[in-house]
Amino acid sequence: MKKIEAIIKPFKLDEVKESLQNIGVQGLTVTEIKGFGRQKGHTELYRGAEYIVDFLPKIKIELIVNDNISNQVINEIIKSSKTGKIGDGKIFVSNIDQAIRIRTGEEGTDAI
């Protein structure tokens, strides 16, 4: 099993969610986050005063998938979230040793 964490632009969430549902992904977790990378934020003007916005709004998607579809999931996330501009995001992939569904006690791939 793989844990896939994707950090994307907020306006791309619906597109990513739809593309993942189309390939059979049944569940994911979404968190509103803030951060910056190479973008380094931007400067805004408010009531005549200039200030720097260091942390930009992002969306973090987390999902656990079987090894055999992890590459397909990654490709769908890339395809549906890419704008070609700086700040498109990142994807991190980790191995998952164990998963347990609390309600039923199912383990492994049955739990996801």
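This is a predicted model: local features need pLDDT of at least 70, side-chain atom pairs count only at pLDDT 80 or more; totals for chains, interfaces and linings use all residues.
**Helix α2**

I checked its length: the helix runs over residues 67-81, which is 15 residues. At 1.5 Å a residue that should span 21 Å, and I get 22 Å between its end C-alpha atoms, so the two agree.

Next I asked which residues of α2 are buried. My list reads Ser70, Val73, Ile74, Glu76, Ile77, Ser80 and Ser81. Looking down the axis of α2, I find these buried residues within an arc of 165 degrees, so they line one face of the helix.

What covers the buried residues? I found that the cover includes β1 (2-8), α1 (13-22), β5 and β6 (90-95).

**Serine 80**

Is serine 80 buried or exposed? Its relative accessible area is 5%, and a residue under 20% counts as buried, so serine 80 is buried. Leaving out residues up to four places away in sequence, I have serine 80 touching Lys12, Glu15, Val16 and Ser19.

**Helix α1**

I moved on to α1, where Val16, Ser19 and Leu20 are buried. They cover an arc of only 100 degrees around the axis, which puts them on the same side of α1. On the other side of α1 I noted Asp14, Gln21 and Asn22 as exposed. The buried residues of α1 pack against β1, β5 and α2.

I also looked up what comes after α1: glycine 24 follows, and its phi is positive, near 100 degrees.

For leucine 20 I listed the contacts, leaving aside neighbours within four places in sequence. I got Val25, Leu28, Leu63, Val73, Glu76 and Ile77.

**The core**

Which members of the largest nonpolar core touch the most other members? Out of 13 residues, I wrote down Ile4, Leu20, Ile61, Leu63, Val73 and Ile77. β1, α1, β5 and α2 each supply at least two residues of this core. The largest share, 4 residues, comes from β5. As background, in soluble globular proteins, nonpolar side chains tend to be buried together.

**Leucine 56**

I stayed with strand β5, residues 56-65, and looked at leucine 56 there. Leucine 56 has 8% relative accessibility, so I count it as buried. I also checked leucine 56 against lysine 34: they are 22 residues apart in sequence, yet I get 5.2 Å between their C-alpha atoms.

**The whole chain**

Stepping back, I counted 2 helices and 6 strands. Along the sequence the pattern reads β-α-β-β-β-β-α-β. The radius of gyration is 17 Å, well over the 13 Å that the globule rule gives for 112 residues, so the chain is more spread out than a compact globule. Along the principal axes, I have the C-alpha atoms filling a box of roughly 60 × 30 × 20 Å.

How many of the 112 residues count as buried? I noted 29%. Among contacts with a separation of 6 or more, 73% come from residues 24 or more positions apart. The chain exposes about 7,900 Å², and carbon and sulfur atoms supply 47% of that.

**After β6**

Last, I went to the segment after β6, where I found alanine 99. Alanine 99 has a relative accessible area of 15%, so it is buried. Not counting residues up to four places away in sequence, alanine 99 touches Met1, Glu106, Glu107, Gly108, Ala111 and Ile112. I also took the C-alpha distance from alanine 99 to threonine 83, 16 residues apart along the chain, and got 34 Å.

Glycine 108 is in the segment after β6 too. Its relative accessible area is 22%, so I put glycine 108 down as partly exposed. With residues up to four places away in sequence left out, glycine 108 touches Met1 and Ala99. From glycine 108 to aspartate 97, 11 residues apart along the chain, I get 8.2 Å between C-alpha atoms.

How values were computed
Residues are numbered from 1 along each chain as its sequence is written. Side-chain values use heavy atoms; hydrogens and water are left out. Buried means under 20% relative accessible area, exposed over 50%, partly exposed in between (1.4 Å probe, protein chains only). The expected span of a helix is 1.5 Å times one less than its number of residues. The arc is that of the directions from the helix axis to the C-beta atoms. Contact means heavy atoms within 4.5 Å. The radius of gyration is taken over C-alpha atoms; the globule rule is 2.2 Å times the number of residues to the power 0.38. Accessible areas come from the Shrake-Rupley method with a 1.4 Å probe; for residues, only the protein chains shown count as cover. A nonpolar core is a set of buried Ala, Val, Leu, Ile, Met, Phe, Trp, Tyr and Cys residues joined through side-chain atoms within 4.5 Å.
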